[in-house]
Amino acid sequence: MQLTNLSSGHLQMPMQSLGCGFIKRTTGLSFLRGALCALSVIVVGAIFQGASAADAAKTTAIQAVAPPNDIGATKRLRLLTTQQYVNTIQYFFGSDIKIEVKFAPLMRTNGMLMAGTSVAGISDAQIETYQKISNLVAAQVVDADHRGTLFPCKPQNAKAADLACARKFLARVIDYMYFVPPPTKHIDNMAVQAGMAADSLHDFYGGIQVVLESLLLSPNVLLVVEADEPDPLHPGKMRLDAYSQASRLSLFLWDAAPDPALRALAKRGDLFDPKKRARIVDSMIASARLESGVRAFFDDMFGLEGLETLSKDAAVYPYFISGLASEAREQTLRTVVDHLLTKNRDYRDLFTSRETFISPGLASLYGVQALPGWRAFTFPLDAHRAGILTQASFLAMNSHATRSSPTLRGKALRELIFCQKVPPPPPNVDFSAVENPDPKLKTARQRLTAHSQNPACAGCHRITDPIGLALENFDGAGRYRPNEKGADIDVSGIVDGKKFSDIEGMGEALQSSPALPACLVRRAYSYATAGSVPASSEPVVGELNKKFATDGYRLSPLLRAIALHDSFSMVVPPKPVADEKDRSVASAH
Amino acid sequence: MNALKTALPKASLGCVALTSLFVALVGNSLVAISAEPAAATDSPPAVPVVPPGKTISYALTERIEAIYQAKDKDGKDTKEECPLGLYENGPREQFAATFPQTDGKQLKFTETALQREADVWWPDTQPDKFPFREAGGKFSYGLNLDGKVKPSDFTSPDGKVKGVDNQFYRAVGCIPSYREGSSQRLFYEEYIELKQFNRTIIEITGVDSLVNDDDVTVTTYRGLDPLAKDAMGHFQPGTTQRADMVWGKAFISKSAGKIVNGVLITTKANDFVWPNENHTDAAVEQMHDTQFQLHLGQDYVEGVIAGYLDIESGYRAMIKRYGSHQISYGRLAAPSLYKVLRRLADAYPDPQTGHNTAISSALAVSGVRVYLVHPENTAANRK
């Protein structure tokens, strides 16, 4: 099933009414069955709602009052990402709750995975994953090591039900984990179910575990259902309701569900007051949790999830050892956080800076020394590394298993860093010049020159190769090489009309390109609103670009500007998906 | 493959193509070493001829007794060096012979097993009632430690070098435990790699050239970090080791040397202490007048370290090192070996008794290039 930009209302709890019911018996198995059924049904219910006549009428009404050039984003039905789920659990229950889980991969949509969270589907296998991790988390929460600190009360008898204590605990969990507070009756009902399970199991904590497991795989936890309402500050227009705004802010800045404090402020209406909203956003940006949000955003923007499945031919790159790909990912994210948050530096300098962090495994790849653990590190001048594009993450990820690829690197740079679109190769392309090259052609530049003799290939390679060839001093695993098969490597190139002759020069050329900061702004806006940038929001992006420049290309002011912009919380009616795709591709060029 | 490496049960370097024996001059003495010109076959030039900071360090990945075994043209072990055959009176055989149980008398534990334990841990130099089989023959690996050519000395396997001092080889060369393919050697090598206690780093400083330099300093340290292997299972060059300046001071030893045609030759013999842990027990071995003959590659090192092994510390390390099953299968009867070691000892006489306390020996070593980090202070080292 697919949830495609659903225009959704509040989720009901239709389990009983639709025949799944809550617990018929008090065994854990039947309870789980009920929870899984609930998840499936609610997703179906959401889709049903999205297609209902009532909703269609509502959408029509919105279109009638909203001007066509309105700013804002459509309201979303979003699926929580793996990291958002983990963060939410660990922020509440503690970081010692072990969660090793990987949800189904998201579809990168117009450059961002986050945009794919609102174009996601849930398969049976995924529900099984949710159930499994919920079970593991619930078991840890109630175990002897955690119950003492995580429960606000002690049951009168640990071998029997205690309705009051169960309700107190579950109310706290629900208050934190649910994106939208449920009716009081729902909490009461869950407490009763916990009591029934406890009586059956002769274990108060066992009863809680059963209910907690179902709670953690509830759609109220896994899905973010944005709701809208008329905006009194902009008559005739719609805005996200308070809880939806809190959710969007928290997912954007913290990569987690909003905490009870933020939800309480939302409930009080503070997010609708511009001054109070600014204070809230400022405090969220000042929070240590911002680091999680920034890591998630750049992980998405730079496509670092590709490192999860990266493999190299061990015979060709024996030094690309197990675990190095994840260390490379961590290096880039640490570098980003340090540069943009800790040191509050110009985003563009990220592409020329030698300052980074290093682990022993990466040090071996880079040919430098490193002590155990992660440590701050500055590449020496003779290391020929400057900027994140010379880090192993980008270099190794955008290479083949047995060789480097100027084309893949150039394409990645164009698409990920410049927000440009490189067309796929024509179906009948002849790759023999690069895959089975003439032995006399020792360098990638020579091979690609031969390959590009084919006019069908030349067009795209003119876009990718001048940048990618500048990185040819790094092999397919990211290790520096002064030559290739004994032949000198020519790393000269041109970016946006600016010529360079070495890797440092390329960094400077990138740094001065207007496309560099503009792409970050576009991606950040898309990430914040969990969707592609609609045409109506292009003026907003332009406005944010100017502000980003005014603020010295610092990240925090940009995040703040996005979070406080009217378009962040204003709702426009959805447009057909095809339109968005077409527009996005067009704007990418 | 190099002759020494084929004599070893595990040729794990995999990255240095060994092709020949290497002969070099040390002062006026000819010595035979087992390393070969790795520089010509080592990995591409990742390190310039002059190493950064004029320093290059290697972590030893192999360190084991250098045992010569004669082979025929097909590489088959001919055992020519053991004309009487391999030694057979291992612990089980000696126990059975000592306590034959033929008269039906019930012996107590203290009279049998504990008596054997006492013999192992408090050995003596009384004549052995079990005949021993020493390695004979003409050839052995090792170095000419004293610069002389004596009747008891060996010749290098290629016949070019005379006066090789390696009486330890004479003592153990026919004991299966010490020979190619024995489980004991496999364990020994494995624990050199796996046990942190054994991490030996050789640092060469003042290197103006990895090919020829008449004055370098060689210092050994104990490293604090594990050895890394690459995706093919080979030891990975270029990892970082921290020098253990807190608990590893006993293993620091400095010597002078020179590099001749890519071979490091120590010019000043010095005493070294080798960490030696196997299974769970840690021990140390002292080696007097130690000399290095190491072929320096850009990423790997290989060669021989020879000296006079202090018999007491070497014997103690040996009996702590192996389990009963290993020495039993390997026919390593410790009390008998002790008597032979003392009988063949050729250096460092006890001032009071006049009996030699050390025996010439040689270790085959190989290693991988590392960055050696010296802690700025001991507090940092403890982290």
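Student: Where two chains touch, how many residues does the contact take from chain B and from chain A?

Tutor: In this predicted model, the contact takes 14 residues from chain B and 14 residues from chain A.

Student: Which elements of chain B give two or more residues to the side that touches chain A?

Tutor: Those elements are β6 (239-242) and β13 (356-373) of chain B, and the largest share of that side, 3 residues, comes from β6(B). When the residues on the side of chain B that touches chain A are sorted by class, 6 are nonpolar, 5 are polar and 3 are charged.

Student: Turning to chain A, how many helices and strands are there?

Tutor: Chain A has 27 helices and 13 strands, and buried residues make up 49% of its 589 residues. Of the contacts in chain A between residues at least 6 apart in sequence, 70% join residues at least 24 apart.

Student: How many bridges join strand β6 of chain A to β13(A), and which residue stands opposite R239(A)?

Tutor: Strand β6 (residues 238-240) of chain A is joined to β13(A) by 2 bridges, and the two run antiparallel. Opposite R239(A) stands M570(A), which lies in β13(A).

How values were computed: Residues numbered from 1 in each chain as written. Chains lettered and ligands numbered in written order. Predicted model: local features only at pLDDT ≥ 70, side-chain atom pairs only at ≥ 80, totals over all residues. Helix = DSSP H or I, 4+ residues; strand = E, 2+ residues; numbered from the N terminus. Buried ≥ 20, exposed ≤ 12 C-beta atoms within 10 Å, placed from the backbone. Contact = placed C-beta atoms within 7 Å. Pairing = 2+ DSSP bridges. Nonpolar A, V, L, I, M, F, W, Y, C, P; charged D, E, K, R; others polar.
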